[in-house]
Amino acid sequence: MKTALITGANRGIGFELARQLKSRGYRVIAVCRNDSPELKALDVEIETGVDVTSGESLNGLAERLRGTRLDLLINNAGLLKSSSMAGIEDEIDDWRAQFEVNSLAPIRVTSALRNHLNEGSKVIIITSRMGSISDNTSGGQYAYRMSKAAVNIAGVSLAHDLKERGIAVGLLHPGYVRTGMTGNTGHIDPEEAAAGLIERIDELNMDRTGSFRHANGEDLPW
Ligand SMILES: NC(=O)c1ccc[n+]([C@@H]2O[C@H](COP(=O)([O-])OP(=O)(O)OC[C@H]3O[C@@H](n4cnc5c(N)ncnc54)[C@H](OP(=O)(O)O)[C@@H]3O)[C@@H](O)[C@H]2O)c1
């Protein structure tokens, strides 16, 4: 049985990834700060109390999972807070928080769990096309865009660093999805986003490591 660990699994896209991977027969380790009734009803393993911005929290998680090999590590937890050029001084804590969650945490989580990965494991970072420089045709959302652009380049470094261990890294954009993050506006529901993400995860291999793709199968520009 394959094992998948997903951060931010209590709601939104992360919850739906947990639900669909469970129904595909994975052993699912759902990581969150607080669980939810929906997650509890899924019959997956739940690791609560894990803040992805806390090294202590992540080391505790790695310790509790000692001996568990992860076939799939999905860095899904994310944060969007609106930000503007004129507002930076008033919003500076929110800007920093987005870097903590969106840019630093995927690397901190992957580093903490690196000894749980083996040849054939896959590391996924749920990023956003809002972190694409060439796709930025409308401006605004400085902190979120910057934090996702930063995680994109970090994901490429991870792909290089993990290549010799035979571990593939994928940077995936889920689409514009109706979740708490978007105030339930968007083009698709989490069910469709997660289904597309899982198809892209299935396609990920060492030839595609370090790629930036949309859940719908498009390759995205940096
Ligand atoms: N929705 C979209 O249209 C869209 C588009 C592009 C990319 N994305 C990306 O997709 C991913 C999932 O987004 P979503 O739409 O499902 O968002 P969401 O519904 O707002 O869920 C965000 C998840 O991240 C968790 N999280 C945030 N900060 C955390 C922290 N410090 N420690 C642990 N968990 C933390 C949240 O946990 P709590 O419940 O504890 O807050 C929640 O489980 C994110 O990386 C997001 O940037 C989403």
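How many helices and strands does the secondary structure of the protein chain come to? The count is six helices and seven strands. Helices here are DSSP runs of H or I with at least four residues, strands are runs of E with at least two, and both are numbered from the N terminus.

The model is predicted: local features need pLDDT of at least 70, side-chain atom pairs count only at pLDDT 80 or more, and totals for chains, interfaces and linings use all residues. Residues are numbered from 1 along each chain as its sequence is written.

**Overall build**

Along the sequence, the pattern reads β-α-β-α-β-α-β-α-β-α-β-α-β. The radius of gyration is 16 Å, close to the 17 Å that the globule rule gives for 222 residues, so the protein chain is as compact as a globular protein of that length. This radius is taken over C-alpha atoms, and the rule is 2.2 Å times the number of residues to the power 0.38. The C-alpha atoms fill a box of roughly 50 × 40 × 35 Å along the principal axes.

Buried residues make up 42% of the 222 residues. A residue is buried if 20 or more other C-beta atoms, placed from the backbone, lie within 10 Å of its own.

Contacts tell another part of the story. Two residues are in contact if their C-beta atoms, placed from the backbone, lie within 7 Å. Of the contacts with a separation of 6 or more, 66% join residues 24 or more positions apart.

**Two helix pairs**

Two packed helices are described by the angle between their axes and the distance between the axes. Axes are lines fitted to C-alpha atoms, for helices over the stretch in contact, and angles run from 0 to 180 degrees between N-to-C directions.

| Pair | Angle | Axis distance |
|---|---|---|
| α1 (residues 12-23) and α6 (residues 190-203) | about 60 degrees | 9 Å |
| α4 (residues 88-112) and α5 (residues 142-163) | roughly 15 degrees | within 8 Å |

The angle in the α1 pair makes α1 oblique to α6. The angle in the α4 pair makes α4 roughly parallel to α5. Angles under 35 degrees count as roughly parallel, over 145 as roughly antiparallel, 65 to 115 as roughly perpendicular and the rest as oblique.

Which residues make the α1 contact with α6? Helix α1 brings G12, I13, E16, L17, Q20 and L21. Helix α6 brings P190, E191, A193, A194, A195, L197 and I198.

In the other pair, residues of α4 including W95, F99 and I107 meet residues of α5, among them Y144, V151 and L158.

Methods
Buried ≥ 20, exposed ≤ 12 C-beta atoms within 10 Å, placed from the backbone.
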